[in-house]
Amino acid sequence: MKFTKDHEWVSLDGDIATVGISKHAADALGDVVFVEVPEVGKTVAKGDSFAVVESVKAASDVYAPVSGEVVEANDALSTAPETVNSAPQADGWFAKIKVSDAAELDALMDQAAYDAFLATL
Amino acid sequence: MSTMNTVGRPTAPNEVQTKPATLTGGRGLLQNEALIFEGDGWGKTGVDLPEPKTDGSDLGDLVRKDPIGLPGLSEPETMRHYVRLSQKNHAIDLAIYPLGSCTMKHNPRLNEKMARLPGFSDIHPLQPISTVQGALELMDTLAHWLKTLTGMPAVALSPKAGAHGELCGLMAIRAAHEASGQHEKRRKVLVPTSAHGTNPATAAFVGYTVVEVAQTEDGRVDVADLASKLGDDVAAIMVTNPNTCGLFERDILEISRLTHEAGAYFYCDGANFNAIVGRVRPGDLGVDAMHINLHKTFSTPHGGGGPGAGPVVLSEALAPFAPAPWVVHDADGYRLIEREEDEAVQAFGRLCAFQGQMGMYVRALSYMMSHGADGLRQVAEDAVLNANYIKARLCDLMSAAFPDGPCMHEALFDDEWLKGTDITTLDFAKAMIDEGFHPMTMYFPLVVHGAMLIEPTETESKAELDRFIHAMRLLAQAAKAGDVDRFKGAPFHAPLKRLDETRAARSPVLRWSAPAGSNQAA
């Protein structure tokens, strides 16, 4: 699992990347009340806003950590947004992206680097 | 048991603390008030109207078949219902209302007296112009004050709220780019991360792509980041000054210069104009469009007390695109420019059916004229002084988000000082309710962790500020002393206890439905 500075995570299996927001992000947002996941078939570029997460405190854009085509979206979040709080880095995933350039992941942080990054915040 | 004096009253009333729960849910002359639908008003009516004399309806199949579903109440029942609800509410007429970025100031009663003059309150927008010359003169005078205070050549009075004013400003900007043939390539609007949420929402609503501009460590627009994002694809920037961190944008002239160099327009969010009114003219800063919340800076009521009003001042470059209507004055008196022809040929249209919020125009102008130019300058000075007093008196216990230097009209704290206490900004705010104080703005701006944004306005006297600060200090000390229970369940003394905001947001119930088995159940 790799992380961005904007607190998204990405996990690659073959050329399919599962993406979501980190536990740190979910905790900072507080109780999540609404999630807008991208449409299947949408093409996203790394850094594009591709989803929205709204909590009792704030609404935030979620940025695509990798470029590619959305092949699956976690529609369960529309009726159970609390999953983002209870399992942000597992069942609370947002979308699966068929990556167009796996090398993009090289620039992202691994768990240790992300933990070190969090310690600086 | 407290000691009684000779007339049987407690000598120290505050010591009488036994508080049995009431039997009915009422509290000290306040009855527990049900929803208006839950009374016994079904099937009755409070007014006695004659049967309408009609020969059938023209609505055909569209005639309502089910009952309308509104309870009937007599006048005293209606009055009591709403007055009881109001007694459970907070109002600026009760105490300080320190909501940051909202400028909750006293609404002078003189304003109300003026607004109730029949020449202003009993007129209709479709009346012949010759019969409303006074009202038009008032609009023209208000426009003159707004243009003079901002140093801008034009104003559109009609927008009905701050966000409506933002829409007006961006529509004028879009019209200007369309007129110069640049609309197709200028598709972006730059917005700092600390902006009011309405700024990106407005830009998106007008069809622009929003690009965020970073903030510096000291809470201001990162000019280098702004410069790197400006280009011939940018239509406008939207900057609030003072910004939502309560800080003056020191580089505002540079921001304005860079923006204009790139061919873009400078929209200024005027929500925080109260901090600079009479001291700084936004026109001198290079602003092209700015809304002015009459319900903030110019003391007209917020929310239930009256509608908002968000006039927009425009620069020379944008003035031709101002929406109709506006007032002009010539030898024949005052009249309204209503149509997109002649001098208004480039107007982008209009934002509302008539002339806007007349009652708010009267109140705002009353406020301006009763203060005068010198008085308005003192408004800004006192508002800034009050915020700095709060910051200075609390910053030893609470952590100021930007401790270096003075703030403008609002003091911003983060939740660093609550670390390790298990108490959150939300808990702290709820405990303030128990102490008799409406909480400050929480969790905004988003760029500050656990933000607490306090805006006292010039309304508060030193004595009132001291009472507020005293309560805040006692609470802060209790938090640091580990008195967690005082915070976690708060409010304990409010008519309703801690509400489940999460559940309310996740599964909102937007419509009352009769309980099963009642005679109103469908």
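## Worked exercises on a predicted two-chain model

The crossing of helix 5 and helix 6 of chain B is right-handed. That comes from a predicted model, and so does everything below.

### Exercise 1: two helix pairs

Work out how helix 5 and helix 6 of chain B are oriented to each other, and list the residues that make the contact.

Solution. Start with the geometry: the axes of helix 5 (residues 162-179) and helix 6 (residues 198-205) of chain B come within 9 Å and cross at roughly 45°. Next, classify the angle. Angles under 35 degrees count as roughly parallel and 65 to 115 as roughly perpendicular, therefore helix 5 of chain B and helix 6 of chain B are oblique to each other. Now the residues: helix 5 of chain B brings G162(B), A163(B), E166(B), L167(B) and L170(B), while helix 6 of chain B brings T198(B), N199(B), T202(B), A203(B) and F205(B). Sorted by class, this contact has five nonpolar, four polar and one charged.

Solution. Helix 4 (residues 133-150) and helix 9 (residues 358-394) of chain B pack at about 55°, and their axes are 10 Å apart. By the angle classes, helix 4 of chain B and helix 9 of chain B are therefore oblique to each other. The crossing of helix 4 of chain B past helix 9 of chain B is left-handed. On the helix 4 side of chain B you'll find A135(B), L138(B), M139(B), T141(B), L142(B) and W145(B); they meet M358(B), Y361(B), V362(B), A364(B), L365(B) and M368(B) in helix 9 of chain B. The class tally for helix 4 of chain B with helix 9 of chain B is 11 nonpolar, one polar and no charged residues.

### Exercise 2: the seven-stranded sheet

Trace the strand order of the seven-stranded sheet in chain B, then look at what surrounds strand 4 of chain B.

Solution. The order is 1-7-6-5-4-2-3 in chain B, the sheet is open and the pairing is mixed. Its edges are strand 1 (154-156) and strand 3 (209-213) of chain B, each pairing on one side only. On average, neighbouring strands are turned by 25° against each other, direction ignored.

Zoom in on strand 4 (residues 234-240) of chain B. Strand 2 (residues 188-192) of chain B pairs with strand 4 of chain B in the parallel sense over three bridges, and K188(B) stands opposite V234(B). Strand 5 (residues 265-269) of chain B is also parallel to strand 4 of chain B, over five bridges; here I237(B) has F266(B) as its bridge partner. As for burial, seven of the seven residues of strand 4 of chain B are buried.

For the antiparallel part, take strand 6 (residues 289-291) and strand 7 (residues 312-314) of chain B, which pair over three bridges. M290(B) has V313(B) as its bridge partner there.

### Exercise 3: chain A

Describe the three-stranded sheet of chain A and the contact of chain A with chain B.

Solution. The sheet is open, runs 4-6-7 in chain A and is antiparallel. Strand 4 (32-36) and strand 7 (59-63) of chain A are the edges. The twist averages 25° from one strand to the next. Four bridges join strand 4 of chain A to strand 6 (residues 49-55) of chain A, and F34(A) has E54(A) as its partner in strand 6 of chain A. Moving to the interface, six residues of chain A are in contact with six residues of chain B. The chain A side splits into four nonpolar, no polar and two charged.

Conventions: Residues numbered from 1 in each chain as written. Chains lettered and ligands numbered in written order. Predicted model: local features only at pLDDT ≥ 70, side-chain atom pairs only at ≥ 80, totals over all residues. Pairing = 2+ DSSP bridges. Axes fitted to C-alpha atoms, helices over the stretch in contact; angles between N-to-C directions. Contact = placed C-beta atoms within 7 Å. Nonpolar A, V, L, I, M, F, W, Y, C, P; charged D, E, K, R; others polar. Parallel < 35°, antiparallel > 145°, perpendicular 65-115°, else oblique. Left-handed = near helix turned anticlockwise from the far one by under 90°. Buried ≥ 20, exposed ≤ 12 C-beta atoms within 10 Å, placed from the backbone.
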